[in-house]
Amino acid sequence: MTTTPPSSAPSSAPSSASAFAAVDLGATSGRVITGRVGPDSLDLIEAHRFPNTPVRLPDGLRWDVLSLFQGVLDGLREAGRSGGGVASIGVDTWAVDFGLLDADGSLLGNPFHYRDNRTDGAAARVWERIGPEELYGITGLQHLPFNTVFQLAATEGTAQRDAARTLLLVPDLLVHWLTGSIGAEETNASTTGLFDARTGTWSQELLDRLSLEPGLFPPLRSPGDPAGTLLPHVAAYTGLDPRTPVTTVASHDTASAVVAVPATEPHFAYISCGTWSLAGLELDAPVLSEASRAANFTNERGIDGTVRYLRNIMGMWLLEECRRTWGKENPPTPLPALLDDAARSEAFASLVDPDAPEFLAPGDMPARIRDHCARTGQRVPGSRGAVVRCILESLALAHRRALRQAAELAGRDITRIHLVGGGARNDLLCQLTADATGLPVVAGPTEATALGNILVQARAAGLVGDLPDMRRLVASTQHLRHYTPRGDSAAWDAAAARLDSAPRLS
């Protein structure tokens, strides 16, 4: 592994640089990050971080969106106190989940969590009206049981659904609470299963076939569009100027992360690695073939009309849940020690499919992994290091499989992989991904989502140029690490073949 330092050491941004606030909410935490952007500088400061803890209610697992919004307000207040003011605000979060508003604009209950099991069987009800092949031909969306279209099917006949007049995906809901404006940002809208991948609009055909009220779905916005200015009570609480604009960014966090991929060559692949691993290519047009559907690839919108052709892989969630389970002991094992133990553990002793259904819900992940290995006739990992080794090798193989299939289905070559997000801090995962794929891996930036959010705001303010310009600025200012493939490629081929031939468990 080698590292590439920034072309100039990070320093205090010049006084003329503009500060932008990125509201960035992930599955386990939220934060507000300020960024100062100059011609040759791109510096971030974390203003505030707060937990994102879902709540189990009698009717299911829900996001505590009111607590999250309070965290956003507190973060914006801290951002304003940092000096120099805030030029603009942008909001990104995870995809698919939504809030429903009544005729008065009030929220009808906290949004459900995508890991809630109320969508069990919902896909079958949708497919009775439009088959999976036809649905994919319109949306190009990977089948996931929690896609918005299936979540909506699960609400049919409920009092909440009957009272609903507006559907807002989570980032659009937060923007609404900041500004009072109503809209749907297109990169996130493209994850719903109700968006036409060819036209870039809501699919009227799907709304008709599924008996969905068109009025539920707000007008679409593109990254860079103005979303409004702060409501008076928001400005009063945060101390920000009420004229502070909220700028539409790529509000799906993966779309923002892909903006900040520091690629300077054309034939690159990316892996946005956090709770999920999103592995794929950036294309000019969707791939809507039957082979693409069968391989379960998704065509989601990127900025400037690009298509994020990728597969969602259950990423660091498995490790996060293991650590949560182990953390109940006193004292918990620190992550560096777990990774050291994993590096010393036997290679390919046991492997799992990260996307196996039993790994989706929260719970005792180490026990589930051991049970999976036992039921598939593999060695059961006996130590924490062995469990972690199993997870990381399995993720590396999932990255390999997804990128090779994406390249084949899209007719593209890949010469380099850019791994961004929190997973870029994990040296072992980065090296295993290089080894498994046989391709060089560039790791970083770790704060890709916040960077992409801020860069879109900066472009709207006229401070940076087009997408290649934004990526060149990231490449020249952010710390990157380089991993070259090593080890026995035949061993990885054998491991991949073993995993592909393993029995599928229901």
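**Aromatic cluster**

I looked up the aromatic residues first. Trp 63, Trp 94, Tyr 114, Phe 146 and Trp 276 form one aromatic cluster. The model is a predicted one, where local features need pLDDT of at least 70, side-chain atom pairs count only at pLDDT 80 or more, and totals for chains, interfaces and linings use all residues. Residues are numbered from 1 along each chain as its sequence is written, and side-chain values use heavy atoms, with hydrogens and water left out.

I noted the pairing rule. Rings of Phe, Tyr and Trp (its six-membered ring) pair if their centres lie within 6.5 Å; planes under 30 degrees apart are stacked, over 60 edge-to-face, and the rest tilted. How many aromatic pairs does this rule give? The count comes to 11.

**Two pairs**

I took Trp 63 and Tyr 114 from the cluster. Their pair is tilted, with 6.1 Å centre to centre and 50° between the planes. Trp 63 lies in the loop between β6 (60-62) and α1 (65-81), and Tyr 114 in the loop between β8 (98-101) and α2 (122-127), so the pair ties together parts 51 residues apart in sequence. I use DSSP runs for these elements, numbered from the N terminus: helices are H or I with at least four residues, strands E with at least two.

The cut-offs are under 20% for buried, over 50% for exposed, and partly exposed in between (1.4 Å probe, protein chains only).

Next I checked Phe 348 and Trp 492. Their ring centres are 4.8 Å apart and their planes stand at 85°, so this pair is edge-to-face. It links distant parts of the chain: Phe 348 is in the loop between α13 (335-344) and α14 (365-375), and Trp 492 is in helix α19, 144 residues apart. Phe 348 counts as buried at 16% relative accessibility. Trp 492 counts as buried at 5%.

**Charges over rings**

I then looked for arginines over rings. The rule asks for NZ of Lys or CZ of Arg within 6 Å of the ring centre and within 35 degrees of the ring normal. Arg 62 has its charged end over the ring of Phe 112, 3.8 Å from the centre. Arg 115 has its charged end over the ring of Trp 317, 3.6 Å from the centre.

I stayed with Arg 62, which is in strand β6. Arg 62 is buried at 7% relative accessibility. What joins its side chain to that of Asp 59? I found a polar contact of 2.6 Å. Such a contact is a pair of N or O atoms within 3.5 Å; within protein, one must be able to donate a hydrogen and the other to accept it, and residues adjacent in sequence count only if both atoms are side-chain atoms.

**Second largest pocket**

I turned to the second largest pocket. Its volume is about 980 Å³. A pocket here is an open set of points on a 1 Å grid over the protein atoms alone, where a 1.4 Å probe fits, with protein on both sides within 12 Å along at least five of seven lines; lining residues have an atom within 4 Å of a point. The volume is the space filled by probe spheres set on the points.

The lining has 39 residues, and Asn 296, Asp 353, Asp 355, Ala 356 and Pro 357 lie nearest the centre. Elements giving two or more residues are β19 (307-313), α15 (384-410) and α19 (489-500). Helix α15 gives the largest share, six residues. By class I get 20 nonpolar, seven polar and 12 charged residues. Nonpolar covers Ala, Val, Leu, Ile, Met, Phe, Trp, Tyr, Cys and Pro; charged covers Asp, Glu, Lys and Arg; the others, Gly among them, are polar.

**Backbone notes**

Asn 296 has a positive phi of about 65° although it is not a glycine. I place Asn 296 in the loop between α11 (290-294) and β18 (298-301). Asn 296 is partly exposed, at 25%.

Asp 304 also has a positive phi, about 60°, and is not a glycine. Asp 304 sits in the loop between β18 and β19. At 48% relative accessibility, Asp 304 is partly exposed.

Which residues does a cis peptide bond join? I found Gly 444 and Pro 445, with omega about 5°. Pro 445 is in the loop between β21 (441-443) and α17 (448-460).
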